[in-house]
Amino acid sequence: MEPSSGSVGLNLPSGVVTPGDVRRLRRELKNLEDSLQQMRLRTTTPIAKLPRLGRQLEEFSSTNRLNMLLPDDRQRSAAFLEHTLGHAPVLHIAFATEASRSFTTQIVLWFRQNIQNDVLLSIGLEPSIAAGCVLRTPNKQFDFSLRSHFAKQTNLLVDKLKAEPTNVG
Amino acid sequence: MTIWWLATIVGTLLAATLAFVWVAVRLGHGAATKGKPQPGEAGSFEKAAETDVEHIFNEQFREELKNRGRLHFEKIISENAMFLQQDLRLTTSQLNEYMKGEITKTLQDEFSKYEQSITDAKQLAIDALQKTNDVIDEQRQSLAGQLEQEVANEKAQLIAQFEKNMALVVNHYVLAAVGDQIDLTDQLEFILNDLETNKQAILEDIRHGA
């Protein structure tokens, strides 16, 4: 795992997979900031209880052991999210069927453990590949689909037929 | 001896000649004396002659002569006609033979020429047909070669097309058949294996990417 340059020591939770998730997390964080600001304006007493957080923000704070009541942690989180949106590599990966949450979580965990810890995935749907996936990095495309595998093995059936024509069928 | 005999013979011949001359003169003199009319009796002789002529060559005798002449003439004509007919038949026969021979000869010549012409024409036709057959054979062999080549090419193309299409059809069928049946969770291991295999390439692309 390689940390992203310019990171502030935070990590994305496994539930945050796509740039949309990051933007949603940022929006939640901004909403939290607004809520806390409103609460500060209404009362002079210190705020002891956070408003209810969203699932991803909750996961983000727990993953990074952040106290969202602290302005410093919120600022770090906001900076991290901004940096992530601006600099994190976004890989496009397409599957034949709709990927479940747990499945995408496992995939993104692999990327963050093996490629870069702030990798974001843009998940697409491409039924024609039948199985496997198609990964598109900034400059390359890696076709791990069953369609590609069959295309590479096009001559295998013909060779088999030529080699043992009487055994076929 | 011989002279005597010769003189005897000559004397006999002279005697015979003198006797013959004398008899001839005697006979000629008597006839001339007897037939010569006397002067003053000429009219009576002519009259007598006319009478005798009329008496001898009367109408009946003339008629008889005419008949005889007619018969003789008819006989002569008949004989001549017969001879003419025979000659004509002979001539006709010869002419026929001649004509037959000439015509036969001419016909044989013409037939020979005609036969020769027919033979030449037949030979020409045979030569032309032979040439045509040769050309047709050459063209047939050429066409057969081309056809075999075309068939072989077509067969190769069809086989190649079949192989290509067969693989595509099988691929398409398998993809269509299993596309919806394989759960993504089941594919996770294979996908992660593929990602692990290409991990370095992915890393390199991200590092040196945009």
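Me: What makes β1 and β2 of chain A a parallel pair?
Reply: Strand β1 (residues 90-95) of chain A and strand β2 (residues 120-125) of chain A run in the parallel sense and share six bridges. Two strands pair if DSSP finds at least two bridges between them, so six bridges qualify. One bridge sets A:Ile93 against A:Ile123 in β2(A). Strands here are DSSP runs (E, at least two residues), helices are H or I runs of at least four, and both are numbered from the N terminus.

Me: What kind of model is this, and how is it numbered?
Reply: The model is predicted: local features need pLDDT of at least 70, side-chain atom pairs count only at pLDDT 80 or more, and totals for chains, interfaces and linings use all residues. Residues are numbered from 1 along each chain as its sequence is written, while chains are lettered from A and ligands numbered from 1 in the order in which they are written.

Me: Which hand does the β-α-β crossover have, and what does that word mean?
Reply: The chain leaves β1(A), passes through helix α4 (residues 101-114) of chain A and reaches β2(A); this crossover is right-handed. The word applies if, with the strands pointing away from the viewer, the path from the first strand over the helix to the second runs clockwise.

Me: Why are β2 and β4 of chain A called edge strands?
Reply: The open sheet has four strands in the order β2-β1-β3-β4 (chain A), with mixed pairing. β2 and β4 (141-143) of chain A each pair on one side only. Strand β3 (residues 133-136) of chain A and β4(A) run antiparallel, joined by three bridges. In β4(A), A:Asp143 is the bridge partner of A:Val134.

Me: Why are α1(A) and α2(A) called roughly perpendicular?
Reply: The axes of helix α1 (residues 19-42) of chain A and helix α2 (residues 55-63) of chain A cross at roughly 85 degrees and come within 9 Å. Axes are lines fitted to C-alpha atoms, for helices over the stretch in contact, and angles run from 0 to 180 degrees between N-to-C directions. Under 35 degrees is roughly parallel, over 145 roughly antiparallel, 65 to 115 roughly perpendicular, and the rest oblique. The two helices are therefore roughly perpendicular.

Me: How many residues of chain B are in contact with chain A?
Reply: 26 residues of chain B are in contact with 30 residues of chain A. Contact requires C-beta atoms, placed from the backbone, within 7 Å. α4(B) gives the most to this side of chain B, with nine residues.

Note on methods. Contact = placed C-beta atoms within 7 Å.
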